[in-house]
Amino acid sequence: MGIQRKRAGAWLAGALGLAASSVVLAAPAAVAGPPPCQTKNVRTGVEYKGASAVTTAITEAAAGDTISIWGICYGNFTVDKDLTLRGQGKNATLDGNEQGRVLAIDGGTTSIRNLKITNGETAGLGGGIYVATAAVLDNVLVTGNSAGSTQFGGGIAADLASSLTLIDSTVSGNTAGSSGGIDMFRAKATLINSTVAGNHATRTPGSEPDGCGFGDPVVLYSCAGGIWNYQGTLALVDSTVSGNTAAYRGGGIASYVRFVDGNPVSGLTILSGATSISSNTAGDQGGGIFASTTSASTTIGVVAADGTATYKDPISASTLPAWMGSISGNTPDQCSPTLTIGGATCGA
């Protein structure tokens with residue numbers, strides 16, 4: 001109800017002419033709570049409501065089913081079969097309630113669509129999503145999650161031999177000791193038209209020469225604000241890595257090669273399409289990209305796709321478009337050590 005100003009004289013005359021008056025106070029509008037959690041198995045038509053809606057729907061689903069999700073669903077969820085989790089409406093959310101990892105994918109391929117994954121908090125890997133097998137994220141927001149202070153993958157952790165695909169998705173505002181946004185451990189990952197932004201690797205650097213090493217006792221981790229490709233294969237297609245920070249190295253990306261008997265055998269990061277790496281920050285080196293080696297080949301190092309079948313998507317095997325993007329505005333440097341990417345030098 002709007003309030004209009006009136007001249008004082010007119011208001012007073014009208015007030016004095018009233019024989020009686022009444023005052024009606026409008027009650028404030030009720031503040032709506034979070035939308036309730038509700039799910040439905042698309043194949044069976046069975047609906048589930050309440051706190052256990054997602055867990056029950058996943059447990060009772062058959063491989064290949066699609067679970068539609070409405071509202072904000074709190075909990076810590078595990079999928080061990082081929083399944084699609086599909087959000088309905090703008091508020092569809094899986095919320096870890098800061099009580100553990102939001103989603104663990106322990107078997108089969110989980111497709112996640114139109115969902116927000118948030119408030120995961122774990123002392124282990126993958127605050128938002130842990131992938132042991134395969135995950136496909138389509139129009140998904142992974143934000144506000146955290147992994148352990150000596151662990152990896154604040155947003156997503158793709159573990160040994162797993163695969164991860166992001167399409168039109170965003171990983172932002174997540175934290176971990178290392179790999180604030182996405183961690184890959186000898187895994188395959190493809191990001192298409194996706195964004196990794198504002199994630200943080202926060203651990204104080206360790207004592208090993210590159211500050212990012214492993215060991216027993218545990219060495220402190222402090223690398224890869226955005227993405228750590230540890231000895232796997234990563235393709236970035238028309239994607240953005242920006243505004244991420246690492247306490248030590250690899251503000252945007254850390255790309256590590258695996259050596260066996262002194263020979264490089266795996267570890268490839270491919271830039272493709274309009275991919276840009278910008279405005280990332282590292283405390284020591286590799287504001288944009290930190291690489292464990294300057295080697296660059298079709299199977300090793302950090303390279304630019306050239307639009308031919310030489311460089312293929314590590315998951316679909318389709319030819320990647322030529323890189324036409326940029327590496328810019330990173331601090332304290334663009335790449336460390338100096339790399340040759342697509343015929344251009346990327347260094348300080």
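**Entry 1: parallel strands.** I started with strand E13 (residues 163-167), which pairs in the parallel sense with strand E17 (residues 188-192) over five bridges. For the record, strands (E, at least two residues) and helices (H or I, at least four) are DSSP runs, numbered from the N terminus. Two strands pair if DSSP finds at least two bridges between them.

Next I traced an open sheet of four strands, in the order E15-E19-E23-E29, with parallel pairing. Which strands are at its edges? They are strand E15 (175-176) and E29, each of which pairs on one side only. E15 is joined to strand E19 (residues 200-201) by two bridges, and the two run parallel. Thr175 stands opposite His200 in E19.

**Entry 2: ground rules.** This is a predicted model, so I kept to its cut-offs: local features need pLDDT of at least 70, side-chain atom pairs count only at pLDDT 80 or more, and totals for chains, interfaces and linings use all residues. Residues are numbered from 1 along each chain as its sequence is written, and side-chain values use heavy atoms, with hydrogens and water left out.

Entry 3: How many salt bridges does the structure hold? I get two, where a salt bridge is a side-chain nitrogen of Lys or Arg within 4 Å of a carboxyl oxygen of Asp or Glu. Side chains of opposite charge can pair when their charged atoms come close.

Arg43 is in the loop between strand E1 (38-41) and strand E2 (47-49) while Asp65 is in strand E3, so the pair ties together parts 22 residues apart in sequence. Strand E3 covers residues 65-74.

My cut-offs: buried means under 20% relative accessible area, exposed over 50%, partly exposed in between (1.4 Å probe, protein chains only).

I then listed the rest of the surroundings of Asp65. Leaving aside neighbours within four places in sequence, Asp65 is in contact (heavy atoms within 4.5 Å) with Asn41, Arg43, Asp82, Leu83 and Thr84. Its side chain makes a polar contact with the side chain of Asn41 at 3.0 Å. A polar contact is a pair of N or O atoms within 3.5 Å; within protein, one must be able to donate a hydrogen and the other to accept it, and residues adjacent in sequence count only if both atoms are side-chain atoms. A polar atom of the Asp65 side chain also lies 2.9 Å from the backbone nitrogen of Ala62.

**Entry 4: Asp284 and Arg249.** The side chains of Asp284 and Arg249 also meet in a salt bridge (2.8 Å, N to O). This pair links distant parts of the chain, 35 residues apart: Asp284 is in the loop between strand E29 (281-282) and strand E30 (289-291), and Arg249 in the loop between strand E23 (245-246) and strand E24 (253-256). Asp284 is partly exposed at 29% relative accessible area; Arg249 is buried at 11%.

**Entry 5: Ser272.** I found Ser272 in strand E27 (residues 268-272). Its relative accessible area is 0%, so Ser272 is buried. Its contacts beyond four places in sequence include Leu236, Val237, Ala305 and Trp323.

**Entry 6: whole protein and confidence.** I count two helices and 35 strands. Of the 348 residues, 50% are buried. Residues 24 or more positions apart make up 70% of the contacts with a separation of 6 or more.

The mean pLDDT (the predictor's confidence in each residue, from 0 to 100) is 89, and 86% of the residues score at least 70. Where is confidence lowest? It is lowest in helix H1 (residues 8-16), at a mean of 35, and highest in strand E14 (residues 170-172), at 99. Over residues 1-25 the pLDDT is below 50, and that stretch has zero contacts in the model beyond near neighbours in sequence.
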